[in-house]
Protein chains: 2
Amino acid sequence: MKWDALEEEPCSLSRTVAVVGDRWTLLILRECFLRVRRFEAFQSSLQITRHLLSERLKKLVRLGILRRVPYCEAPKRYEYILTQKGLDLYPVIMAMVHWGDIHMGDERGRPLLHEHKNCGKLFNPVMVCSECGEVLHAKQVHVHAGPGRRGADAA
Amino acid sequence: MKWDALEEEPCSLSRTVAVVGDRWTLLILRECFLRVRRFEAFQSSLQITRHLLSERLKKLVRLGILRRVPYCEAPKRYEYILTQKGLDLYPVIMAMVHWGDIHMGDERGRPLLHEHKNCGKLFNPVMVCSECGEVLHAKQVHVHAGPGRRGADAA
DNA sequence: GGCTATCGTTCTGAAATAGAACTGTCAAAC
DNA sequence: GTTTGACAGTTCTATTTCAGAACGATAGCC
């Protein structure tokens with residue numbers, strides 16, 4: 001399956017995977033949420049090849065997840081900054097971080113701790129139902145075909 | 001960077017990416033949450049090559065995300081079923097589905113709708129703070145180095 | 001001029017993926 | 001008792017993608 005084909009599937013997961021479903025893109029987004037913004041900074045902290053970094057940044061800009069903003073006129077230099085669409089990926093990243101904290105940790109403990117400024121406490125991200133506020137579990141969710149469904153695929 | 005190296009990074013996101021950071025693995029997990037369990041069923045619904053499917057299933061079993069359970073003695077046949085570790089990936093999948101619903105939709109509407117059996121309503125997944133219950137936004141979170149941090153990388 | 005910083009592009013070999021065919025086991029049908 | 005079909009993989013080759021390193025462009029500073 002090609003990446004472009006994924007984007008056309010009648011499945012929101014496929015479409016999201018088409019955008020962030022490769023390791024470098026996810027790692028680049030992690031850096032974005034850690035306030036990294038410049039080409040050299042991404043490159044040196046990720047050890048990604050410059051070629052791939054350039055390509056991924058272009059893709060993220062094209063998709064409206066990052067904005068390319070000049071911060072220096074001469075020579076022309078740009079920063080890559082998350083758009084609202086990009087900021088909305090926060091739950092995806094945090095869900096992955098949390099799963100890694102729980103299931104892929106080592107004896108030394110968590111690499112990073114997250115503090116919620118609103119309440120001042122260290123927290124875990126929890127996924128809840130928008131309607132009743134209860135914690136979500138796969139077995140309590142029933143899936144229906146929606147209006148955008150056409151073929152056999154789903155999620 | 002090699003996949004194995006990713007797993008060793010002092011970063012929970014890297015470690016999670018090492019496991020689910022490729023498109024086929026994510027799509028296979030989607031199918032698992034939709035109750036798909038057998039080799040042929042994965043293959044025909046995903047149009048994945050048999051070779052890759054075989055390899056990915058092995059990897060997921062090795063990592064303890066799926067269990068390979070015999071359902072037929074002669075001939076030996078197996079099903080692939082989510083373990084607790086696998087079920088815990090539900091927030092990751094749902095966060096991606098929700099982002100796709102919001103940002104990658106088309107005019108026809110959502111491909112799938114999710115009903116919460118507990119409250120009986122169609123819902124969206126929402127990520128909240130485990131301590132105060134408020135909705136999480138990237139800008140309200142402050143990141144600290146944790147005990148498992150060593151070098152430059154983080155998330 | 002020579003040095004450094006920043007942001008890329010270009011090149012070549014190595015690795016992963018796609019696509020199709022093949023293997024093996026067993027049950028049921030003819 | 002031979003054929004067909006379902007299931008769960010493995011093997012093979014061509015194509016695509018990625019890694020690693022070098023190269024280019026632009027400008028500021030000494």
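With which residue does Arg110(B) form a salt bridge, and how far apart are the closest N and O atoms? In this predicted model, the partner of Arg110(B) is Asp101(B), and the closest N and O atoms of the pair are 3.7 Å apart. Arg110(B) counts as partly exposed, at 25% relative accessibility, whereas Asp101(B), with a relative accessible area of 12%, is buried. A separate network, built from salt bridges that share partners, joins Arg15(A), Asp106(B), Glu107(B) and Arg108(B).

Over all chains, the structure holds 20 salt bridges. One of them links the side chains of Arg15(A) and Asp106(B), with an N to O distance of 3.2 Å. This pair crosses between chains, since Arg15(A) belongs to helix 2 (residues 12-20) of chain A, while Asp106(B) lies in the loop between helix 7 (90-103) and strand 3 (112-116) of chain B. Arg15(A) is buried, with a relative accessible area of 3%, and Asp106(B) is partly exposed, with a value of 26%. Within chain A, the side chains of Arg108(A) and Asp106(A) meet in a salt bridge at 3.3 Å, N to O; Arg108(A) counts as partly exposed at 33% relative accessibility, as does Asp106(A) at 27%.

The relation between the two chains was examined by superposition. Chain A is superposed on chain B by a rotation of 180 degrees with 0.0 Å of shift along the axis, at an RMSD of 0.0 Å, and the two copies are therefore related as by a two-fold rotation axis. Met127(A) provides the C-alpha of chain A that is nearest the axis, at 2.2 Å from it.

Chain A comprises 7 helices and 6 strands, which follow one another from the N terminus in the order α-α-α-α-α-β-β-α-α-β-β-β-β. Along the principal axes, the C-alpha atoms of chain A fill a box of roughly 55 × 45 × 30 Å, and buried residues account for 48% of the 155 residues in the chain. Leu52(A), located in helix 5 (residues 50-62) of chain A, counts as partly exposed at 23% relative accessibility; the C-alpha atoms of Leu52(A) and Trp24(A) are 8.3 Å apart in space, although the two are 28 residues apart in sequence.

On the surface, a patch of positive charge gathers Arg35(A), Arg37(A), Arg67(A), Lys117(A) and Lys139(B). Arg37(A) is placed in the loop between helix 3 (23-33) and helix 4 (39-46) of chain A and is partly exposed, with a relative accessible area of 37%.

Note on methods
Residues numbered from 1 in each chain as written. Chains lettered and ligands numbered in written order. Predicted model: local features only at pLDDT ≥ 70, side-chain atom pairs only at ≥ 80, totals over all residues. Heavy atoms only, no water. Patch = residues over 30% accessible without salt bridge, like charges linked within 9 Å, V, L, I, M, F, W, Y side chains within 5 Å. Areas by Shrake-Rupley, 256 points an atom, 1.4 Å probe, with all protein chains shown as cover. Salt bridge = Lys/Arg side-chain N within 4 Å of Asp/Glu carboxyl O. Lys, Arg positive; Asp, Glu negative; His and termini not counted. Charge placed at Lys NZ, Arg CZ, Asp CG, Glu CD. Helix = DSSP H or I, 4+ residues; strand = E, 2+ residues; numbered from the N terminus. Buried < 20%, exposed > 50% of the residue type's maximum accessible area, 1.4 Å probe, protein only. Least-squares fit on C-alpha atoms with pLDDT ≥ 70 in both.
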